[in-house]
Amino acid sequence: MKEILQALVEIVGTEFVSDQPEERYLYSMDPGTMPAREPDFVVMPDSTEQVRQVLLLANQHKIPVVPLGAGLVLSGLSRALKGGIILDMKRMNRIIEVNEMSRYALVEAGASQGMLQAYLKKHHPRLKHSAPDAPPAATIAGNVCIHGSGHISHAHGFHSDMLNGLEVVLPTGEVTRLGSCATSDYWFSRAPLPDLAGLFLGWAGTTGVITKLAIKLYPNYRFNDVGVFVCEDARLMPDILYRMSETQMAEDLTAWMTPKPDWARGFLHSNINYGANTKEELIWKRNLIRASVSEYIDRKIAGFIPMPAAMKQPFLEVPARQLSRFADVRKGGGFEYVGVIMPVDLFAEAYELGLEIASRLSVSYSLGARIIGINHCMMFFYAYAFNRADPADVQRAQRALEATNRAAVDMGGIPWKAEAPAQKEIIRKMDPNMFALMNRIRAVLDPAGIMNPGNWEID
Amino acid sequence: MQYEEILHRCFRCGYCKLPENYVDFNCPPYLSFRFETYSPGGRMWLIRALLDNKLAPTGRLQEILFSCVACANCVTHCTFPKFKDQLLLAFTAAKEQLVNGGKVPPAVRDCLTRIYQHGNPYGHARKKRDAWTDGLKVEPYSDQEYLFFVGDVGSYDTRGQEIARSVAGLLQKLGVSFGILGADEISDGNEAGAMGEAELFKYLAEENIKTFESRGVEKIITLSPHGYNAFKNDYPGFGGNYSVLHYSQVLAPLVKKAAFAPDQPPLRVTYHDSCYLGRHNMEYGAPRTVLTALPGVELVEMQRCFQNALCCGGGGGNVFTDIIGSGRQTSAGVRVGEAAASGAGVLAVACPQCAVMFADAVKVQNLEGRLAVKEISEIVNERLIKQEVN
């Protein structure tokens, strides 16, 4: 181990390697419920070349490597399940280029959502990127490679759909560019080349280390507004969401159902966020959205909540700070959620499942969904709060998460950024030939099996 | 440990590491060391682990806890309203636990020992406390309106002494009635308190209060925002209730009435908010009022200002212990770079500790000749008509 430590020090410098108990302890877990797994080393590279050298070393000695962004995935994907090296990428946080005319940004893998947001606001105020609901410290690369979504995903799809290209270091040390950047100085798209970026999306860091990526940027509207539509019957939701999405006016369409505050209990809320460059355009969009659901309003079975500007503000904030506060519901600093990617058709069934599990297992919950694309699918989330100082409460949340994962898979959904146990649930239902293909690909890319082992595996 | 009930409530969402606009990391130890262990959230979880005996109070853990500069960025930006105000108190309580157990970094131990033995963190003789007055006629405090409390950095540090002379000289020119304690002054204790040495802080406060009472002090002007913080917020808890002003608050109304030399060359200045004047005490206006009153001075703001200012890295005793200085990217270095990027030729400060930290950083960052670090009274003095009084 001392030789490995020394070799790592030679690659990244003394200050950026630790095998000390403090780092090993803190990097052994994330804020979710998954049990701690200690790494042997925490390493912070500053360049693609340093990443390459770390992977060559790890390959030579068959040491597991776990890439880490901000560590906010909550489902324990960046724990070192089999020890080894946690590769904390946050020193590589440079914003390399923004191409205003082709609307893309090229960043290093440790660049955070907040940094890019601030950079665009200052230097390119006409542009924005899609920011997830995660705190601003979350990295762009981390969210893209788990197929995340964000505040304009209704209009533009998953964050992985917004990816133009990648620079990756393969487990065997080769540095590879994927997308237009493979043959051009411009990072404008993944087409028309064979789309190999998929080899690094949704794999939970088991195929290589992303070091740079380019993402699409979008017009940043001068005026933004939100409407909150409310109904009491979950069976109406797919049609309501369908009608609203049919207008193609919204950038974000989300649903939320929560027992707190009391006035919200039992209601199903749909937030529809839209923007415009003039007030007239904004009103025009608002009218189109209202017209899309006027039948429900006329029948007095659903309607928009009248909201003063101050009340709208939390719903317009990007990212929304109030979402993190769910962690304090149990005065215990914890929540984790199952985010299930599924058809919008299943909304009512998914909602009933959440209520049933929360009631049966007595967990504090919040339910909701983000509509990805124009009703192309949704990420339905089941968030459970817990008190991390109370092991029984943590266990209760864990049981709820497990039950949700299992039921969601059986319902026809697929848990997103699934915990290692939930990955097994998915594999259980997966076409065996797909799983076999995944294993064949990994055997080629990672012959020594060093990349985040313990993920996408069966016992 | 006091406040231990909030430790596990931290979700580690990371808002505490950032300013309001998210432009870059705003927590000095995290900026320097970059391991999550040095972030406020990491510190919360490590302290919990220490109390649960999952971690021992190793030298590294001590370094992590004492690298906190008490800048309160985390308090300002934490997203949990029910316990955010207690974050810094919890960090200080953890340091206190280590101090009481004798588990502190050598630099902290030595600093606290010097304060205890000599009444200042430099270990210099008390009788040299008024060495800064060299060339000025400053009266001992007797029946003047204000006590001018100079503090440790102003009394002993070479750069601090220059600032003390400049401020005292300007106060005289503006007709402020004040005197000093000289050798009777001892450390205000703010840094001892921030380093978790609660007993030493109490002792210093009580000694100072005894001196103030014996001299009939009612009004205090402090040179340092750190002393201002201690006198204003902590001394009442020890029975010391005074009317306390930072010198910038005294200057603000008076500078407007001062006469300045005509045809002043234009000067672009950016102002750095000291943590103990700004985030801790919400005083953002007075130093800016002083600067904007000066003919020819254009005040520009840095990307991080007011409650989002990046700390110089000198708080929490770090100006004396330099624990944070061993990191590769110091906040002082980043801050002077930010000041230069604002287009200003002068980085103005209203805190001697900030001045000391930035003076070094300007050299390290090769910004000498491009960016000058000046304390605000120095800029005023440069522009006053000589011998101006009232």
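Here are some numbered notes on this predicted model, chain by chain and contact by contact.

1. **Ground rules.** The model is predicted, so local features need pLDDT of at least 70 and side-chain atom pairs count only at pLDDT 80 or more, while totals for chains, interfaces and linings use all residues. Residues are numbered from 1 along each chain as its sequence is written, chains are lettered from A and ligands numbered from 1 in the order in which they are written, and side-chain values use heavy atoms, with hydrogens and water left out.

2. **Chain A as a whole.** Start with the parts list: chain A has 14 helices and 19 strands. Both are DSSP runs numbered from the N terminus, helices being H or I with at least four residues and strands being E with at least two. The radius of gyration of chain A is 22 Å, close to the 23 Å that the globule rule gives for 459 residues, so chain A is as compact as a globular protein of that length. (That radius is taken over C-alpha atoms, and the globule rule is 2.2 Å times the number of residues to the power 0.38.) Along the principal axes, the C-alpha atoms of chain A fill a box of roughly 75 × 55 × 40 Å.

3. The assignment for chain A gives domain 1 (2–90), domain 2 (91–219), domain 3 (223–318) and domain 4 (322–418). Such bounds come from an automatic or database domain assignment. The C-alpha centres of domain 2 and domain 3 of chain A lie 30 Å apart. Their contact (heavy atoms within 4.5 Å) takes 10 residues from domain 2 of chain A and six residues from domain 3 of chain A.

4. **Domain 2 against domain 3 in chain A.** These two domains of chain A bury about 720 Å² between them, with 51% of it on carbon and sulfur atoms. Buried area here is the accessible area (1.4 Å probe) that two parts lose on being put together, summed over both. Look for A:Gln117, A:His151 and A:His154, which supply 65% of the area that domain 2 of chain A buries against domain 3 of chain A, more than any other three residues.

5. **What pairs up there?** Across the interface of domain 2 and domain 3 of chain A, the rule finds one salt bridge, meaning a side-chain nitrogen of Lys or Arg within 4 Å of a carboxyl oxygen of Asp or Glu. A:Glu251 forms a salt bridge with A:Lys128, and the closest N and O atoms are 2.8 Å apart.

6. A cis peptide bond joins A:Lys260 and A:Pro261, with omega about -5 degrees; A:Pro261 sits in the loop between strand 13 (252–257) and strand 14 (268–276) of chain A. Another cis peptide bond joins A:Val318 and A:Pro319, with omega about -10 degrees, and A:Pro319 is in the loop between helix 10 (309–316) and strand 16 of chain A. Then there is A:Lys62, which has a positive phi of about 55 degrees although it is not a glycine. Find A:Lys62 in the loop between helix 3 (48–61) and strand 3 (65–68) of chain A.

7. **Where the chains meet.** 46 residues of chain A are in contact with 41 residues of chain B. The two chains bury about 3,700 Å² between them, 62% of it on carbon and sulfur atoms. A:Glu22, A:Leu26 and A:Arg321 supply 19% of the area that chain A buries against chain B, more than any other three residues. The rule finds three salt bridges across the interface of chain A and chain B. A:Asp328 forms a salt bridge with B:Arg9, the closest N and O atoms being 2.8 Å apart.

8. **Over to chain B.** Chain B is divided into domain 1 (4–104), domain 2 (125–252) and domain 3 (258–383). The C-alpha centres of domain 2 and domain 3 of chain B lie 22 Å apart, and 29 residues of domain 2 of chain B are in contact with 31 residues of domain 3 of chain B. The area buried between these two domains of chain B is about 2,400 Å², of which carbon and sulfur atoms give 64%. The count between them is one salt bridge. B:Arg159 forms a salt bridge with B:Glu378, the closest N and O atoms being 2.8 Å apart.
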